[in-house]
Amino acid sequence: MCSSDINGRPVLQPACNRVPLLDRCNSLKKGSRKSSSAPLQPLTPSPNPKNKPSLVVTPPISPKLKSPRPPAIKRGNDPNGLNSSVEKVVTPRNTSSTKSVVTSVKKSKKSGGAGVVAPNSVDSTSSSLKLASSLIVEAPGSIAAARREQVAIMQVERKMKIAHYGRTKSAKYQGKGVPLDSNSASNNIATVREEKRCNFITRNSDPIYVAYHDEEWGVPAHDDKLLFELLVLTGAQVGSDWTSVLKKRKAFRDAFSGFDAETVSKFNEKKISSICADYGIELSQIRGVVDNANLILEVKKAFGSFDKYLWGFVNHKPIVTQYKSSHKMPVKTSKSEGMSKDMVRRGFRFVGPTVMHSFMQAAGLTNDHLTTCPRHLQCVALASQLPTVAPAL
């Protein structure tokens with residue numbers, strides 16, 4: 001055994017492993033030529049403070065293996081080529097067979113008019129058609145062609161549905177729809193009429209609410225008692241719904257003497273308590289109605305009537321909106337905010353911007369019927385028939 005320094009450290013090695021430096025380098029060079037073509041890095045002697053022979057051999061670098069991924073195929077200048085890196089497999093077209101089929105069909109159409117093909121050519125035509133269909137599928141751009149055909153079929157079906165359910169008298173699609181029974185036709189007409197109303201009127205709506213929509217909502221009101229009644233009902237609607245308020249409408253009329261402002265303004269505390277007990281109306285609401293009745297009398301002295309005062313905010317002409325959906329109706333507008341601000345300044349109660357907007361809809365100051373609702377044009381016609389209110393001087 002002998003000791004040698006490798007990388008500055010003493011290492012025990014057998015004497016047989018000691019090979020001269022020159023012989024070892026030659027053997028390594030010969031082995032590297034036989035094993036691989038990659039050159040090995042030369043041996044670099046490490047610094048040895050004791051001047052003893054030592055070798056530092058760096059491991060050979062493994063040769064780079066070729067990537068198993070196939071090389072990319074260059075795309076040609078084919079305008080109909082698909083946008084993919086996969087090789088295109090295009091079956092050669094048998095143009096002669098397809099041309100012969102087309103010519104034979106044309107000749108048969110010219111001769112017989114029905115396009116009959118000879119029996120002996122049926123097999124050839126079927127095989128050629130199969131070949132043509134396979135070529136269409138495999139040809140570039142077939143996906144787009146199939147999509148265009150699908151869209152065309154959908155458009156035809158849509159037109160037929162429109163012709164059947166909408167324009168039933170269309171000459172182009174007359175007779176193509178499925179015949180309907182009389183009962184189903186009447187049901188469809190009824191549903192169409194219901195759908196033509198405003199969106200908040202549904203099949204489950206209460207009949208009293210439907211009647212209110214069809215007869216009163218949006219109709220211009222110019223009677224002081226009716227305006228006072230609608231103002232009270234709109235204030236009572238806060239925290240409730242119109243159906244519940246309309247069902248109590250007769251009780252409100254009996255409690256407040258037909259909404260005569262002069263009579264209601266003379267209610268004392270005993271009368272207010274009796275109304276609360278008999279009709280189940282809250283005390284705060286009754287007191288608010290009595291206060292509003294006193295203020296209406298003051299407005300009559302200043303403007304001549306309560307009607308002139310209210311319609312003055314819209315320049316004595318109803319506002320006609322063009323809403324196509326009830327979801328787009330605002331809960332308040334600039335007009336309702338201005339009206340609310342002035343009435344609050346005068347001392348009116350339960351006259352917030354949202355309440356006043358609902359009051360304007362109920363009293364016909366604004367026509368918020370949807371454009372699809374038949375009442376939209378009817379309310380416009382009613383507004384044009386009524387005499388315009390002259391502004392107070």
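Author: Let us begin with helix α14 (residues 334-346) and helix α15 (residues 353-363), whose axes come within 8 Å and cross at roughly 115°. Please keep in mind throughout that this is a predicted model.

Reader: How should I put the angle between α14 and α15 into words, and what is the handedness of their crossing?

Author: Angles of 65 to 115 degrees count as roughly perpendicular, and α14 is therefore described as roughly perpendicular to α15. The crossing of these two helices, α14 and α15, is right-handed.

Reader: Which residues of α14 and α15 meet?

Author: On the side of α14 they are K335, S336, E337, M339, S340 and M343, and these meet P353, M356, H357 and M360 in α15.

Reader: Is S340 buried or exposed?

Author: A residue counts as buried when its relative accessible area is under 20%, so S340, at 5% relative accessibility, belongs to the buried class. S340 lies in helix α14, and once its neighbours within four places in sequence are set aside, its contacts are V351, G352, P353 and M356.

Reader: Which residues touch the most other members of the largest nonpolar core?

Author: The general idea is that nonpolar side chains tend to be buried together in soluble globular proteins. Here the largest nonpolar core has 48 residues, and those touching the most other members are F256, F306 and M343; M343 is also among the α14 residues that meet α15. As for F256, its contacts beyond the neighbours within four places in sequence are V264, F267, I281, I286 and V289.

Reader: Where is L246 found, and what is it in contact with?

Author: L246 sits in helix α8 (residues 242-247), and it counts as buried because its relative accessibility is 6%. Apart from neighbours within four places in sequence, L246 is in contact with I208, Y209 and Y212. Between L246 and L233, which are 13 residues apart in sequence, the C-alpha to C-alpha distance is 8.0 Å.

Reader: What does the chain as a whole come to in secondary structure, and what share of its residues is buried?

Author: The chain has 16 helices and 4 strands, and 28% of its 393 residues are buried. Among contacts with a separation of 6 or more, 61% are between residues 24 or more positions apart.

Conventions:
Residues are numbered from 1 along each chain as its sequence is written. This is a predicted model: local features need pLDDT of at least 70, side-chain atom pairs count only at pLDDT 80 or more; totals for chains, interfaces and linings use all residues. Side-chain values use heavy atoms; hydrogens and water are left out. Buried means under 20% relative accessible area, exposed over 50%, partly exposed in between (1.4 Å probe, protein chains only). Contact means heavy atoms within 4.5 Å. A nonpolar core is a set of buried Ala, Val, Leu, Ile, Met, Phe, Trp, Tyr and Cys residues joined through side-chain atoms within 4.5 Å. Axes are lines fitted to C-alpha atoms, for helices over the stretch in contact, and angles run from 0 to 180 degrees between N-to-C directions. Angles under 35 degrees count as roughly parallel, over 145 as roughly antiparallel, 65 to 115 as roughly perpendicular and the rest as oblique. A crossing is left-handed if the near helix is turned anticlockwise from the far one by less than a right angle, and right-handed if clockwise.
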